[in-house]
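Q: I have a structure to look at, and I am new to this. Could you show me how to read some of its features?

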Amino acid sequence: MVKTLKGKISVVYICLVLMIAIVGFTSVINFHVLSRSVDGLMVNNYKSINAVNNMIEAIDGQNMAILNYLNNNEETGIDLFHKNSDIFYKWYNIEANNITESGEKDHINKINKDYAKYIMLFSNLQEIRNKQGTDKALDFYNNQIITLYNNLKNELKDLSALNEKAMFSSKDKVTNDTIVIMYLVLGLSLVAVIGGYFLSTFFINKFLKPIYILTESIRSVKEGELQKEISVATSDEIGLLAHEFNNMTERLQQFEYSSKGKLLEEKNKSIAIVKSISDPLIVLDTDYKVVLLNNACEDIFGIKEEAVLNKHFLEGIRNGELYEYISSVYKEGNEKRSEKIMHVKVNEKDYYFNIVSTAIKDRNLKIYGIVILLQNVTKLKQLEKIKTDFMGTISHELKTPLTSIMMGLSLITDKKIGDFNEKQETIVEAMREDGERLSSLISELLQLSKIESDKAVFNIKQCSIIGIIENCIKRFNEQALSKEVNLYYEGSEKLPKITIDSEKISWTLNNLVSNALKYINAGDEVFIKAVVKDNKMYVSVEDTGVGIPDEYQKIIFDKFVQVKGGDLEMRSSGIGLAIAKEIVEAHGGEIWCESRLDVGSKFTFTLPV
Ligand code: ADP
């Protein structure tokens, strides 16, 4: 039994070749038979007819010879008779050796016998003529010889007719044989064509069927039906292919199950991690519908994840302040991570959250969700409040005795209560300087604690920033000149009026200019700029001073931060920039610093126009 596809195709091919060979072989044999029949027709019968005709001619010649002999041409007659006799026997022998038809042999034998008699009668004629004279011989000729001559001639004609008849019947046979052969070859060719067609169609379908099944199965697997198994029962190459295909889908299935399982495990792990985060975490889709909540969120907001899933933030979390902030961040197209400390009231309780919101993007950087982490900084805020209150109280408590100390010191330095020696004067002067520094520190601390505890009163009204800048330059001009520093304003003289607490913004600008003049060398420059862009007023103080190291630039606005380092270390409290930040932010603006060591610093703050 042939098992391989190659073997099967070869068998079909051999069958077709065999069929063609049979048709060809049959045709060759039949054409050979036909050619033999034509041979018989053309050669044998024709040879006999020709021989008989020559024999007739010979006996006609002999008859003429006898008549010559009787007309006194004895020698010529006898000679002619014998010559024709030779011719007769020559053709007689040819015919005797070419007997092809039934009855031909009897004719030959009779002719032979009669011809022998004819020859003998001629001898008798000669004897009669010699003994009894020509008249008797003529009678003998008329009575005996002429009769035999006619009989012989008739015999020969019959033999010729027999061969002629045979020749015609051979011709009919050849014609019939040709028709039979034609139909046979035609029939065989037809059988070969039809057989070949059905054989090929049958086997092509048989061979292709498993390939169609395989193609169908591959299509199903492509569409995700990994459990699809091909049932091809053949053990040929296609069977092998199907077997390998089944192995492959099985492996794919195993892989899918394992990767699915792993994915599920990883997903559960991730969810468990998210759920266990101690700060509230909310995941929203781009329509602000809740996708996920963690346990801390459920506890603080008093909700259950199942109850709010797929519901809008406002319907689920029900916090307008939070929603306003989150939606404002994304409405502005801010796809980046944003952070903001917000005071949120949840179920009549005060919370402070550092809201960290991050956009989740797909591979094409399209946002498909938002993760909101509410870092609970309520306790820190409370501690800070205690610290601010404490700072305020301490500063306040220190301020009264310090004021009387400073008053006492000024009485002493004014020498209103008597003279003192040079050494005492130096000590008292140093005490006064330190006292003044302490007094300004306490005032700054008091100011900061007031702003931080929301006790500071902001006197908001429309005013011109140019006026504030001019006042600032006037105030620090002398100091700048003494330090050989060029202090100037660079920008338009026409700027829109802005609604601010002019005293506090003046304080902020003065603090920035005072700092710039502190950390600067002779010959350097300090310039103030003010521009309006995108509904914001950008005010900056730029200097060509010592600059601020990179690591300080982000924390410089924190309380008590001072840049450390050799010659640059100045005696400062590190509160000024913190107060400036509180003031600017209270106005709804931002403040930041850009600086390069030994190149200079630029402090910029914005105010809404
Ligand atoms: P203070 O009120 O004591 O000056 P600030 O908060 O204003 O403190 O400044 C904090 C620190 O920032 C300063 O100690 C100083 O090291 C650095 N600083 C501020 N402005 C500049 C500046 N223009 N150039 C260099 N350093 C500066």
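A: Happy to! Keep in mind that this is a predicted model.

Q: Which strands pair with β10, and in what sense?

A: Strand β9 (residues 525-533) pairs with β10 (residues 536-543) in the antiparallel sense, over eight bridges. β10 is also joined by eight bridges to β12 (residues 600-608), and these two run antiparallel. Here, V539 stands opposite F605 in β12.

Q: How many residues lie between β9 and β10?

A: Look at the turn: β9 and β10 make a hairpin with two residues between them. One thing to spot in the turn is D534, which has a positive phi of about 50°. Beside that, K533 has K536 in β10 as its bridge partner.

Q: How many disulfides does the structure hold?

A: For a disulfide, two cysteine sulfur atoms must lie within 2.5 Å. This structure holds zero disulfides. Take C463: the nearest cysteine sulfur belongs to C472 and is 14 Å away, and C463 is in no disulfide.

Q: Is C463 buried or exposed?

A: Buried means under 20% relative accessible area. C463 has 12%, so C463 counts as buried. C15, by comparison, has a relative accessible area of 31%, so C15 is partly exposed.

Key:
Residues are numbered from 1 along each chain as its sequence is written. This is a predicted model: local features need pLDDT of at least 70, side-chain atom pairs count only at pLDDT 80 or more; totals for chains, interfaces and linings use all residues. Side-chain values use heavy atoms; hydrogens and water are left out. Buried means under 20% relative accessible area, exposed over 50%, partly exposed in between (1.4 Å probe, protein chains only). Two strands pair if DSSP finds at least two bridges between them. Helices (H or I, at least four residues) and strands (E, at least two) are DSSP runs, numbered from the N terminus.
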